[in-house]
Amino acid sequence: MTADHIWRQIEPLLATASHRAVLVAPFIKKEVFQAALNAIPASVQQITCVTRWSVPEVAAGVSDPEIAELAERDGRASVLLCHNLHAKLYAADDRCLVGSANLTGKATGRVSAANIELLVELPVAHPEVQRVLTVLEAGSVPGTLELAQQMREQANLMLADEESPQVFVPGEDEQLTRWLPETRNPERLYRVYNGRHQQIGMDVLAGVLRDLAHLGIGPGLAEQEFSAAVLARLRTMPELQALTEAGRMNLADAQASLVATEGCTADQAKRTVETIAAWLSYFDEVHLVPVGPWEIRQGKELA
């Protein structure tokens, strides 16, 4: 068996396509993507590629959003993004390969030090293959050229930030560091998420990007969907357990908890709790009540 055994499975399969080809992999490098496009006969006019882009993964070099440029240049291919994608599947008409291999040099064996990977052939009509394809069709967003450029710009900014979080793989690894919101103005989050960061200073921008990296929200969401995803992530924080369970959170208690569990100074804990309160005020229906120590309470404030 040769080192490029996986590629010797993928390339001949794609070459048999007569009307449709599908490429599904979380990580796709542009050189291998171009080779896959080249393997598909020119008569095939429908090529669908489903992948995922996240700023930390692009910064780590495991994904190339520039495949959007290659797809447009090819003219037959469309790129879709699914943020929780983990499946790998390569289809030509009614046949497909499924298994562990991404569309990267190391996974396909097209470069030295290849990974140990597995692909097995199944009919596209297999119920599990159909289930995955249906879920992907319903849950993916277009991977546009504009979005690809945004991901690359933000990845470059993250690489320049020494305090940026390490890359982690959504769905496989837990986040490696404890996260607490850093950005004091949460309204900046969606602006930067959408690539609109030109009027934001570099130090502030670095903090926003760190928050976005830890939030791990997939690209291409409308603002309402983005806000809902942020709120869902906030509600997983231990500091908000009291707010979730009892409908109120005492800010002094939250500060004391941070000092005890995180080793914060009193000033650092106060600033962090104020930041959490600002996020909740922006993304949730809560209000501040000055009863002894201030409290955050669930629901709109009554007039």
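Visitor: What makes strand β4 and strand β5 a pair?

Guide: Two strands pair if DSSP finds at least two bridges between them. Five bridges join β4 (residues 88-92) to β5 (residues 95-99), and the strands run antiparallel, so they count as paired. A92 has R95 of β5 as its bridge partner. Strands here are DSSP E runs of at least two residues, helices H or I runs of at least four, numbered from the N terminus. The model is predicted: local features need pLDDT of at least 70 and side-chain atom pairs 80 or more, while totals for chains, interfaces and linings use all residues. Residues are numbered from 1 along each chain, and side-chain values use heavy atoms, without hydrogens or water.

Visitor: Which order do the strands of the open sheet take?

Guide: The seven strands follow β6-β5-β4-β1-β2-β3-β7, with mixed pairing. β6 (119-123) and β7 (141-142) are at the edges because each has a single partner strand.

Visitor: Why is α1 called oblique to α2?

Guide: The axes of α1 (residues 5-15) and α2 (residues 30-39) cross at roughly 40° and come within 8 Å. Axes are lines fitted to C-alpha atoms, for helices over the stretch in contact, with angles from 0 to 180 degrees between N-to-C directions. Angles under 35 degrees are roughly parallel, over 145 roughly antiparallel, 65 to 115 roughly perpendicular and the rest oblique. Therefore α1 is oblique to α2.

Visitor: Which residues make the contact?

Guide: W7, E11, L14 and A15 of α1 meet V32, A35, A36 and A39 of α2, where contact means heavy atoms within 4.5 Å.
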